[in-house]
Amino acid sequence: SLDGVNYDYLPLTVTPTTTTTPTTTTPTTSSGGGGTVVGVTKNAPTSSSTASIIEAGVPTVFDINATGIDITQLIVTTNQTVENASISVSEITAVPQSTLQIASEGKTYQSFKITTSGINDSNIVNVSVNFRVNISWITENNLDPANVTLYRNTGNNQWTLLTANLTSSDSQYYYFNALSPGFSEYTILANAISCNDGELRCLLD
């Protein structure tokens with residue numbers, strides 16, 4: 001029987017479901033790198049974004065907006081709540097020799113450095129790096145958008161390949177996404193079109 005207080009059955013336990021929804025930060029752009037950063041010239045394009053809070057496990061979107069930088073967005077997921085975190089992206093205009101050695105297998109499109117404040121790699125679960133490559137540059141250099149890759153400097157001039165996925169394109173750019181375990185210096189590379197003898201797109205090469 002049921003009298004509003006006593007029940008003749010066990011109460012139903014509901015397990016809540018958490019939906020992870022990315023939050024978006026507001027970017028600010030400066031024309032100078034500020035301070036001394038290895039591999040970055042004083043007037044290199046720099047874009048900085050700040051988040052008042054990054055909740056643990058919640059992807060937070062940092063929009064990148066600076067002329068000359070083709071990183072469009074960083075989506076950061078942390079293992080703990082972080083407050084007052086800022087991320088800056090600067091183009092590397094003085095490319096390290098180690099990067100040039102990698103580029104011997106392809107052609108370098110752009111190199112950049114990501115620096116942070118209030119957050120470090122020990123806080124990071126992963127970083128989704130969204131970037132773009134100009135279609136005209138790909139075409140003029142006889143390169144293949146399917147062979148665009150992203151390399152990350154893991155220290156001691158060691159560069160690790162991060163798989164880049166072609167996600168979309170428009171009239172001007174190919175858009176890519178790559179997953180990184182943390183922040184560092186990065187280089188976007190593209191390799192030549194690979195095809196068999198006699199294929200039409202190879203005859204002009």
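A residue is called buried here when its relative accessible area is under 20%, exposed when that area is over 50%, and partly exposed in between, with a 1.4 Å probe and protein chains only. By that definition Thr-77, at a relative accessible area of 12%, is buried. The structure is a predicted model, in which local features need pLDDT of at least 70 and side-chain atom pairs count only at pLDDT 80 or more, while totals for chains, interfaces and linings use all residues. Residues are numbered from 1 along each chain as its sequence is written, and side-chain values use heavy atoms, with hydrogens and water left out.

**Strand β12 and its partners**

- Strand β12 covers residues 173-180 and is mostly covered, six of its eight residues being buried; strands (E, at least two residues) and helices (H or I, at least four) are DSSP runs numbered from the N terminus.
- Strand β8 (residues 124-134) pairs with β12 in the antiparallel sense over eight bridges, where pairing requires that DSSP finds at least two bridges between the two strands.
- Within β12, Tyr-175 is the bridge partner of Arg-132, and Asn-177 is the bridge partner of Asn-165.
- Strand β11 (residues 164-169) runs antiparallel to β12 and is joined to it by five bridges, and these two strands form a hairpin with three residues between them.

**Asn-130 in strand β8**

- Asn-130 is located in strand β8 and counts as buried, with a relative accessibility of 13%.
- The side chain of Asn-130 makes a polar contact with the side chain of Asn-177 at 2.7 Å, a polar contact being a pair of N or O atoms within 3.5 Å of which, within protein, one must be able to donate a hydrogen and the other to accept it, and residues adjacent in sequence count only if both atoms are side-chain atoms.
- Leaving aside residues up to four places away in sequence, Asn-130 touches Ile-71, Thr-72, Gln-73, Ile-75, Phe-176 and Asn-177, where contact means heavy atoms within 4.5 Å.

**Thr-77 in strand β5**

- Thr-77 belongs to strand β5, which spans residues 71-78.
- Beyond residues up to four places away in sequence, the contacts of Thr-77 include Gly-57, Val-58 and Pro-59, together with Asn-123, Ile-124, Val-125 and Asn-126.

- Residues up to four places away in sequence not being counted, Ile-119 touches Ile-54, Val-76, Thr-78, Val-82, Ala-85, Ser-86 and Ile-124.
- The C-alpha atoms of Ile-119 and Ile-87 are separated by 8.6 Å, although these residues are 32 residues apart along the chain.
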